[in-house]
Amino acid sequence: MTGTATAQDQRTIGAPVVSLAMPRMRRERGRLKNVPVDGPKQVLLAAPRGYCAGVDRAVVAVEKALDRFGAPVYVRKQIVHNVHVVQTLEKMGAIFVDEVDEVPEGANVVFSAHGVSPAVVQAAEDRHLHAIDATCPLVTKVHREAVRFAKQDMEILLIGHTGHEEVEGTSGEAPDHITIVNSPADVDTLEVEDPDKLVWLSQTTLSVDETMETVDRLRERFPNLQDPPSDDICYATQNRQGAIKQIAPQADLVIVVGSSNSSNSVRLKEVALEYGAKAAYRVDYASEVQQEWLDGVRTVGVTSGASVPEVLVQELLDDLADAGYSDVRATVTAEEDLVFSLPKELRQDASGKRDARALGGRVR
Ligand code: SF4
């Protein structure tokens with residue numbers, strides 16, 4: 001569905017189901033100039049975009065932990081891969097660390113949305129930390145699959161990026177059974193113990209197309225490769241890629257709001273180029289957009305990664321309006337209404353009253 005977005009649409013279509021208090025930046029307007037181009041200017045705004053249910057839950061978990069236990073609350077790794085979210089939570093009293101041995105004994109620590117290995121859980125227990133697990137339930141699902149297949153003595157080919165926190169967490173569930181496959185190019189050199197006892201799983205935030213290419217190559221080499229019971233690439237990643245695939249062929253330029261370490265944001269830029277965008281850039285903030293990117297551009301596609309608060313997209317739309325791109329049309333390819341319940345440690349307040357976010361589900 002494509003239509004002209006009203007101001008209300010721009011706030012709600014594809015925006016987070018639960019809005020959060022991510023503040024706007026104090027910044028200069030009118031930085032981009034309205035240079036005439038041949039024909040009308042427009043923005044095609046992807047929906048869904050921005051916050052997914054797992055990111056929303058993780059950010060709210062840190063906010064609730066600060067509210068309930070007071071600052072500081074320690075967070076292992078970036079709670080979600082977004083610079084603005086991390087800096088905002090730091091100002092509220094969160095302290096981000098790389099490993100739990102940097103957290104004082106007995107303190108509160110939140111595990112990020114990307115998940116942790118059992119070794120990290122054990123290290124937190126050894127330090128008597130009060131751990132709050134904000135792992136996205138869709139990542140936990142992949143962990144459970146890994147444990148189950150390892151118990152069946154299967155060899156697991158985990159399609160994902162070496163070094164990514166999610167891949168480290170999943171691999172840690174069954175290190176002796178998991179081999180990481182980074183890309184289709186890895187398949188040719190892969191060595192397995194028993195080609196008849198193989199199953200593939202994947203990171204949740206990959207390119208759908210590239211992952212299927214890897215699976216096809218794997219199956220060519222190992223015809224008895226088993227599929228996972230359901231998609232591991234999550235609904236949010238698939239929906240955001242689906243929306244940009246619709247927009248890209250019409251776009252002279254696509255701008256993806258998202259951080260450089262956000263896997264799904266980086267994939268959105270790649271997918272945009274693959275599907276016909278003449279140019280594509282990823283930015284953390286609207287202020288990074290360069291005037292020359294807009295040279296001769298009539299149609300700008302805009303989207304954002306699953307860890308990006310909507311306020312950052314609105315700032316980009318404001319700047320594009322300054323440059324003459326005030327006709328904003330939403331391209332809606334899916335509706336999202338999923339909310340995950342909070343981590344169990346935060347479902348009750350200090351007085352024992354159940355939090356409104358204690359239960360998840362779908363909202364309307
Ligand atoms: S991108 Fe997907 S897996 Fe990651 S936090 Fe969001 S819903 Fe969960």
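Okay, let's start with a definition: two strands pair if DSSP finds at least two bridges between them. Strands here are DSSP E runs of at least two residues, helices are H or I runs of at least four, and both are numbered from the N terminus. With that in hand, β3 (residues 73-76) and β4 run parallel and are joined by four bridges. Val73 is the residue facing Ala94 of β4.

Before I go on, two housekeeping points. What you're looking at is a predicted model, so local features need pLDDT of at least 70, side-chain atom pairs count only at pLDDT 80 or more, and totals for chains, interfaces and linings use all residues. Residue numbers start from 1 along each chain, as its sequence is written.

I'll call a residue buried if 20 or more other C-beta atoms lie within 10 Å of its own, exposed if 12 or fewer do, and partly exposed in between, with the C-beta atoms placed from the backbone. How many of the six residues of β12 are buried? Six of the six, so the strand is largely enclosed by the rest of the structure. In a regular strand, side chains alternate between the two faces of the sheet. For β12 both faces are covered: one side has Thr299, Gly301 and Thr303, the other has Val300, Val302 and Ser304, and all are buried.

Next, the annotations. An unreviewed UniProt entry lists His81, His114, His164, Thr204, Ser262, Ser263, Asn264 and Ser307 under "binding site". Those positions use the numbering we have here, the feature names are shortened, and annotations may be inferred rather than shown by experiment.

Take two of the serines from that list. Ser262 sits in the loop between β10 (253-257) and α9 (263-274), and it counts as buried because it has 26 C-beta neighbours inside 10 Å. Ser307 is in the loop between β12 (299-304) and α10 (310-322), and its 32 C-beta neighbours inside 10 Å make it buried as well. By contact I mean C-beta atoms, placed from the backbone, within 7 Å. Leaving out residues up to four places away in sequence, Ser262 touches His81, Asn82, Gly305 and Ser307. With that exclusion, Ser307 touches Val55, Val80, His81, Asn82, Val85 and Ser262.

The "binding site" annotation, unreviewed entry again, also covers Cys52, Cys136 and Cys234. Why say they gather at one spot? They span 183 residues in sequence, yet no two of their C-alpha atoms are more than 10.3 Å apart. Cys52 lies in the loop between β2 and α2 (53-69) and is buried, with 31 C-beta neighbours inside 10 Å. Cys136 is in the loop between β6 and α5 (137-151), buried with 26 such neighbours.

Last stop, α9. Its twelve residues should span 16 Å at 1.5 Å a residue, and the end C-alpha atoms are 16 Å apart, which agrees; the expected span is 1.5 Å times one less than the number of residues. Nine of the twelve are buried, so α9 is largely enclosed by the rest of the structure. The cover over those buried residues includes α8 (235-247), β10, β11 (280-283) and β12. Just after the helix, Gly276 takes a positive phi of about 110°.

The assignment, automatic or from a database, gives domain 1 (2-52 + 235-333), domain 2 (53-136 + 346-362) and domain 3 (138-221). Eight residues of domain 1 are in contact with seven of domain 3. On the domain 1 side of that contact, α9 gives the most, with five residues.

Technical notes: Contact = placed C-beta atoms within 7 Å.
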